[in-house]
Amino acid sequence: MKAAIYVILVVLAAIAPFFIPEAFVYILGLSFLFIILVVSWDVMVGYTGQVNLGHTVFVGVGAYTAALLQSPVRLQHLLGFTIPKVPIFISIISGGIIAALIGFFIGIITLRLKGYYFALVTAILPLVFMQTVFVWRKVFGGEEGFSIGLENSLSNTILGKYYIALIIMVICVLSMLFIVKSQIGLKFKAIREDEELAESIGIDTTKYKVIAFIVSSFFAGIGGAAIIHYRITVSPDLYDIPLMLLIILSAVIGGLGTIYGPVFGAFIIYLAKNWWLKEILSNLLKIAPIPINDDMILYLMLIVVGILMPQGIYVELKKRSWIAKKSNSSI
Amino acid sequence: MIELVLKIIVFGAVVSGIWALVASGFSLIFGVARILNFAHGTLFVLSAYFGIVLVKNIGVNNYLAFILGILFVGIVGVIVFKLTISPIKTHEVMVVIVTLAIALLVEQFLLLIFGEHGISFPSLVGGIQNIGGIKITNIRILSLIIAIATLILLEFFITKTKTGKMITATSQDMEAAMLMGIDVDRIYLITMFISSILAGLGGLLYSQIFATTPIVSVKALIYAFAIVILGGLGSLRGSIIASFIVGYVIVVTITFLGARWSEFVMLLTIISILVVKPTGLFGVEE
């Protein structure tokens, strides 16, 4: 049943470009890549229960890795020797691999400890990586970032980019779904439900947390790399806190630990931010000039959702329907 | 050479004093209520902007605006706590996410109203002192004195007064404190008020020495946050010592490597300390 709905949705996505204007096709394609970022965050946070506040580190690392592989001159500043330009496919995969490697090192250091520690350290990490961009301007291009050139785009046409983005997204989401439905995924969930209990039945909790973190960072890197090949510019916004909050908002609205939920959450929030909200606001501001912008509305949403449903909309709804069922059956 | 060392010692002390105020406020509310208030840096800039508006737009006297600015963020802090933090107190991570969202919301609001250029609060005192061949403005000296005096007062308040002892009791064991008849919710509000005015005081001192922009709120948060985990979560003395470590790391880096390296080096230092000693310098095991 679920599978049928998803096949229909993918088919809908495949024919959508024939019915909507090209400018929106471009945004729709980017929203697919944003889905990868949100779902990969969910693999770590929703399945193992370890709150990663530094997911954008891996998005950014993936993006800058791919961008540098397309800009031999900048890469030479960093490494001291030249590497010939690689095909786009390889640069996207390399983005994922480098991000996963960094995830591995951060994971083995920070995931040994329980509780606050992981969330705290990951909250600082994006700021460290963002500073590298400002310190080594010649390599990373500073605040403005740099362009990798039109010829390194995913495709020459917007339509082509759109379909490649769709394919990348479907492959990534299916792979992550496969992982969390496997034996390994069960162990992730055991850690989330009760870390000490999981340990007592012989699960090496640190090992599986690190595995989840590597998976999560690998796909975040792929997402980041794909995004820069889509929009052909790389800039520090991919490391920044607003992107992190957008990912959190999408996952929380969609429902943590479900994969499907974050797909919808990401899709809706991304389009809301980049398409609907801007139009609504520009109309609103014509009538009443109040100091508000689209980001502020999203932050307000996050605050309201957070306060009313601190465990996320999905869990809250499930709980309520369960209570409703129970009260019905008792009558 | 001696002059350079002296300069680093003097300037580092001023910067460290201000960050010690901000960080001790952040640490205080965490220690007592187990809340990581990521909107702490927002309180820091809000006091400065409120004070500047009072002086420039309404024409309030400097000293009065200084005090009103501090009280204003105290009240804002209490309102934020009551409306947003208190209902979700038990979901620690949601508190982080919600307060971070508040911080970015206020930052955007300030950017829309005041723009991104830096503004300064008019100095409470003018003039320059010459200490061993180093010129230092009086306001910097005053800031250091205010910071040290406030920290001593805070220490006195926490350890000697009845309310202070109730705060300590709550931080040590919330349930036991409740059983002893302490109104824990009231203690949280008092602690939040103190924590906020410490941030506000830091912000008003900072804006007399450096230019304040809405983006400084994130910077203040990072500094406070980094200092507090370096000192050990919940340890007030740890955060004061850590602010001097961070303050001097920054001043030394700026002197020898340049300003753009300062945050990078500071964060790297903190992360390397955390790798070796995850609980921070004076942290207690949970």
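Two residues are in contact if their C-beta atoms, placed from the backbone, lie within 7 Å. The model shown is predicted: local features need pLDDT of at least 70, side-chain atom pairs count only at pLDDT 80 or more, and totals for chains, interfaces and linings use all residues. Residues are numbered from 1 along each chain as its sequence is written, while chains are lettered from A and ligands numbered from 1 in the order in which they are written.

**Figure 1. The fold of chain B.** In chain B, 75% of the contacts with a separation of 6 or more are between residues 24 or more positions apart. The chain has eleven helices and two strands; helices (H or I, at least four residues) and strands (E, at least two) are DSSP runs, numbered from the N terminus. Their order from the N terminus is α-α-α-α-β-β-α-α-α-α-α-α-α. The C-alpha atoms occupy a box of roughly 60 × 50 × 35 Å along the principal axes. The radius of gyration of chain B, 19 Å, agrees with the value near 19 Å for a compact globule of 286 residues; this radius is taken over C-alpha atoms, and the globule rule is 2.2 Å times the number of residues to the power 0.38. Of the 286 residues, 48% count as buried; a residue is buried if 20 or more other C-beta atoms lie within 10 Å of its own, exposed if 12 or fewer, and partly exposed in between, with C-beta atoms placed from the backbone.

**Figure 2. Helix 9 of chain B.** Because 14 of its 16 residues are buried, helix 9 is largely enclosed by the rest of the structure. Gly232(B), with a positive phi near 105 degrees, follows the helix.

**Figure 3. The contact between chains A and B.** Chain B contributes 32 residues to the contact and chain A contributes 30 residues. On the side of chain B, the elements giving two or more residues are helix 4 (92-114), helix 9 and helix 11 (262-276). Helix 4 of chain B supplies the largest share, 14 residues. By class, this side has 26 nonpolar, three polar and three charged residues. Here Ala, Val, Leu, Ile, Met, Phe, Trp, Tyr, Cys and Pro count as nonpolar, Asp, Glu, Lys and Arg as charged, and the others, Gly among them, as polar.

Figure 4. Strand 1 (residues 128-131) and strand 2 (residues 134-137) of chain B run antiparallel and are joined by four bridges; two strands pair if DSSP finds at least two bridges between them. Ile128(B) has Thr137(B), in strand 2, as its bridge partner. Two residues lie between the strands of this hairpin, and Gly132(B) in the turn has a positive phi of about 55 degrees.

Figure 5. Most residues other than glycine have a negative phi. Arg34(B), although not a glycine, has a positive phi of about 55 degrees. Arg34(B) lies in the loop between helix 1 (2-33) and helix 2 (40-58) of chain B, and it counts as partly exposed, with 17 C-beta neighbours inside 10 Å. Ile232(A) has a positive phi near 55 degrees and is partly exposed, with 19 other C-beta atoms within 10 Å.
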